[in-house]
2 protein chains.
Amino acid sequence: MKPVSFHRVQVTDNFWKPRMETNSKTTLKIQYKHLKETGRIDSLEPEYKKGDREAHHIFWDSDIAKWIESGSYSLHYFPDEELEEQIDDVIDKYARLQLEDGYLNSWYIKVEPEKRWTNLRDNHELYCAGHLMEAAVAYYQVTGKKRFLDIMCRYADHIDSVFGPEEGKKRGYPGHEEIELALVKLYQVTNNERYLNLAKFFIDERGAQPHYYDQEALERGENPERRRPNYEYSQSHLPVREQNVVVGHAVRAMYLYSGMVDVGIETNDPTLLEACSTLWDNLTQKRMYITGGIGASNLNEGFTFDYDFPEETSYCETCASVGLIFWGHRMLQYYGDNKYGDVVERALFNGAISGISLSGDRFFYANPLASLGHRHRSEWFGCACCPPNISRLIASVGGYIYSEADDSAWVHQFIQSSTELNVASQKVHIEQRTNYPWSDKITFFINPERPAKFTLYLRVPSWTRSPFMYINGEMTDVYGLLDKGYVKIERTWSPGDSVELILPMPVERIWATPFARLTNGRIALQRGPIVYCLEEVDNPYTPLSRLSLPRSSKLTATFEEDLLGGVMTIKGLADVMETDDWDANEPYRLRHPIVKPVTIKAIPYYAWDNREPGHMIVWLRETF
Amino acid sequence: MKPVSFHRVQVTDNFWKPRMETNSKTTLKIQYKHLKETGRIDSLEPEYKKGDREAHHIFWDSDIAKWIESGSYSLHYFPDEELEEQIDDVIDKYARLQLEDGYLNSWYIKVEPEKRWTNLRDNHELYCAGHLMEAAVAYYQVTGKKRFLDIMCRYADHIDSVFGPEEGKKRGYPGHEEIELALVKLYQVTNNERYLNLAKFFIDERGAQPHYYDQEALERGENPERRRPNYEYSQSHLPVREQNVVVGHAVRAMYLYSGMVDVGIETNDPTLLEACSTLWDNLTQKRMYITGGIGASNLNEGFTFDYDFPEETSYCETCASVGLIFWGHRMLQYYGDNKYGDVVERALFNGAISGISLSGDRFFYANPLASLGHRHRSEWFGCACCPPNISRLIASVGGYIYSEADDSAWVHQFIQSSTELNVASQKVHIEQRTNYPWSDKITFFINPERPAKFTLYLRVPSWTRSPFMYINGEMTDVYGLLDKGYVKIERTWSPGDSVELILPMPVERIWATPFARLTNGRIALQRGPIVYCLEEVDNPYTPLSRLSLPRSSKLTATFEEDLLGGVMTIKGLADVMETDDWDANEPYRLRHPIVKPVTIKAIPYYAWDNREPGHMIVWLRETF
């Protein structure tokens, strides 16, 4: 199957459409403002020179690129002349900046022109190129304008002339992966196989011995033996096909694995997909937070060890959850298994969108699972990768819903929308109506041009216990039709056919594996795909670990239209340890604490820190 | 009251005497070996010069000094010609090293002679002087040899000529406190008031504005405005009398507060004691672990915020608990309140002695409250403050037991021993017999030369619920006689009188205050003064947080003579979360975990990591 691109999908969803609008009206505007004010865009001007801005970063190009990419997606749904002019203007600047030989990196052109390609390990040169390529592809797809695409093809040609297995070329690869998946996108729109081959080269070469980063360090006059960098950080410690544990910097890992799937599929190389399958299981079974957040530690912005889930200090970078969605969606196309779609959903509805405020103008870089009240979203960052990353995800969310194959149509995500698929040698119009994630009913209207035999696959999320379904109003077994977590409906579809899928969403208590030493014995609340948290503003019982939830306590969900843009909240009776009962002089005592019942209220995790600042927790102690 | 010095106390205790022997036979020997092998002692030789040892540290003198101090205490109980010769030899070296003007610091003499007294903030110059003074006083007390004392008086005189409030002197004070309490010891053996005045100056000047460390930084050519150090780290952010929260580096804080009490008592300055009283309450009520460990963070080796008790990462430096004992014992002399003696006991029997292996040759720098199996005691450290610090505490533990005043005798700690006190104008021999901390009975034989009226104060620890007492075999009320946590027995004592104090020691569950967000809702086990932990070797259920203890579970204590040098262990039925019951693919699930009953066994916290390496925890979840 192949994914159906965002630009073929109309999104009319109650949950996502307003977010896409906020992205268009607010997020993209403030991104541009920050790109201007911080000098990122000005640094492309001919008169800009080294030292004009103290904070000039080696990866500024990538911030601009992701804004263009997000803006492109957004233009498809929300035409915006001002935005299109801004992008065209920046493209003009890049056109003027590009060197004769095609080279195009604002840092190296302006600041260290003599040091091009001398430090792939640390310096984000190929990473920036990758993001600019993705932006160019998106802008071309939406506007049909080829200028930026041509610029980036020239740059890709230049890179291809520098790197590769051929005699005289450098056998290097990016310290921060990204260009691999970007080159595949460039290949997909240009059909230029050199781009695919270059992506494949970067992936195949990664981790080969002697290590390229040692060699380039020697060439820089450094002694890599003296203080050997940790190559797990950039997933270059081993050839990628030998990697079976997710390690290092989480965003780097997600972009690499995404590129591995792309190259694996495009070159028919199952070994890359097998490695990814092993890595996926390690990540999602042992190293992923319940929110779809990944990367437990801020020290490496990445992975630590199995079942390590600190809460207050969990890193869970917004970009890493966005990257997880990229990877999962790609895995899904190859394997057609709900275990990928479920994780994409988990990250989409929880740990990724928690990265942006409901107002669209403040961002989390790290997404902790507990807070003592001092963690808040920021307007911007010196390293501003996260804001445009969550922005491009929201703008292109329509691209995560459907896939098509010769004789099958696939629905992965439940987002009200419509599209026209190419299935069974004809156009099949599919409309999805739902109030997901708050309501459990999703209705599909299937309209082929004429009756046609094909299979409709609908994902059945693993969080639901008793799904049921009506086909043209007739109740139909779901469990008997399940195939790798998708209900598989093979029939001759006629215009006017409908399927109603019901995924009952009681409030669920979720337990963590006993191996999760920090979380075991506690529970998280979930309803449908939404993971909940408790905030101090609703639950004035800090520290919130004073609360415990009796196993017998009844929990009820209520939709609160005026709260946080409209959310389902969960209420129930919990126990809170009394503090009045404690002598303030006693840090420890021989008598157990007294508890009293209180009503607690939980809100979706993604919506936290949108009201008064305060404590927050996800995992609650349990009383039973 | 005044404390009765170690050299007036005979220790015959089952718990402490073997530790003092191990200290004499093993710890002091290996300290000397490391001091030699690492070059610390050789660096005192005339031929030693800058660069001979790569690791030469600015605080090497203090490591040597604490070894001499510990060795001196030990010599009192265990004569050892070899040790005494080693010490005399090192004293010879210091004698040769000392400069004409009395200056004596091996780093500055050998390595940076031009930089004396230019960086009090960072460079431990006065700190080393203080430790050498303490060593000289101890060696003089035990051996009667004056040579080292004279050397250190000359150095103290030199320091006094450099620092002080007078015109032309530096108004500086140590970045690492220590010399204040040392100067008071020097004053106490020499009666030279200049030493007391200098100690008082260092304390009074601390935190004054303009800040001395800013001034000396300017003189070094640095700009303190550009990157202002955090003066809380060295408790120099405020004048000491205005400090009411324990902050910064924990060892520094303990030494400062100890010096404040000493100067406060010797100069009759209640303002210093009042400040200490406030700081004590803040520390022991809000910032002290149940083990008597202090300093939650490794980042500043010190304090964070109230009720912050991380377990795996708790710093709880051995030196800090030793310093807490120093401070608490001093507070006790002034206030006569069991809240001080209780904390001294808590640290003595738990967080301090956990710093040394039962074999006496391995040391913890940090004492975590939970471990995943990779935290083990080391043979030595580059910064080797902890090994000699715990060594000198053990060697001098006899000095923490008794105090005397004109008309009262005090027993603070229960350690089998005897002493002769000067009370009621005569010699009163007191013998204490006990098998503490394993047995609850402590018998005191009071033998004045002739019948005499005085008050005997015995500490009643706050951990006991139902103490009782026999005076000459007659049961006597304890509660009615309690005065600030001491049972106060006023009577005419005759030769042959006895008091039997019984402090019942059931196994206790201890709860942490609800404000302790990381520990609340869990329990620790304690029996008498001993805090317990669970080790993997006895409880093969990692991660140990899988265990929970039902509130109704009966816990029994058994003395195991052959285990860990003889310890009381605690056994009982707990619940363990099954792991067989979990699909290894499931990090989270909708069904609660299954538990099964298992017998757990707890050992004293201080004795952990003396067998097979493995996981360890103190705080257990509770089921009820």
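1. In this predicted model, Tyr470(B) stands opposite Glu500(B), a residue of strand S14(B). The two strands concerned are S10 (residues 468–471) and S14 (residues 497–502) of chain B, which run antiparallel and are joined by four bridges.

2. S10(B) also pairs with strand S11 (residues 474–476) of chain B, again in the antiparallel sense, here over three bridges. Within this pairing, Ile471(B) has Glu474(B) of S11(B) opposite.

3. The next points concern the contact between the chains. Chain A contributes 31 residues and chain B contributes 31 residues. On the side of chain A that touches chain B, the elements giving two or more residues are helix H11 (270–286), strand S15 (507–512) and strand S21 (588–589) of chain A. S15(A) gives the most to that side, with four residues.

4. By class, the side of chain A that touches chain B is made up of 14 nonpolar, nine polar and eight charged residues.

5. Strand pairing also occurs across the two chains: S21(A) pairs with strand S15 (residues 507–512) of chain B in the antiparallel sense, over two bridges. Tyr588(A) has Ala512(B), in S15(B), as its bridge partner. S21(A) is also one of the elements that give two or more residues to the side of chain A that touches chain B.

Notes: Residues numbered from 1 in each chain as written. Chains lettered and ligands numbered in written order. Predicted model: local features only at pLDDT ≥ 70, side-chain atom pairs only at ≥ 80, totals over all residues. Contact = placed C-beta atoms within 7 Å. Nonpolar A, V, L, I, M, F, W, Y, C, P; charged D, E, K, R; others polar. Pairing = 2+ DSSP bridges.
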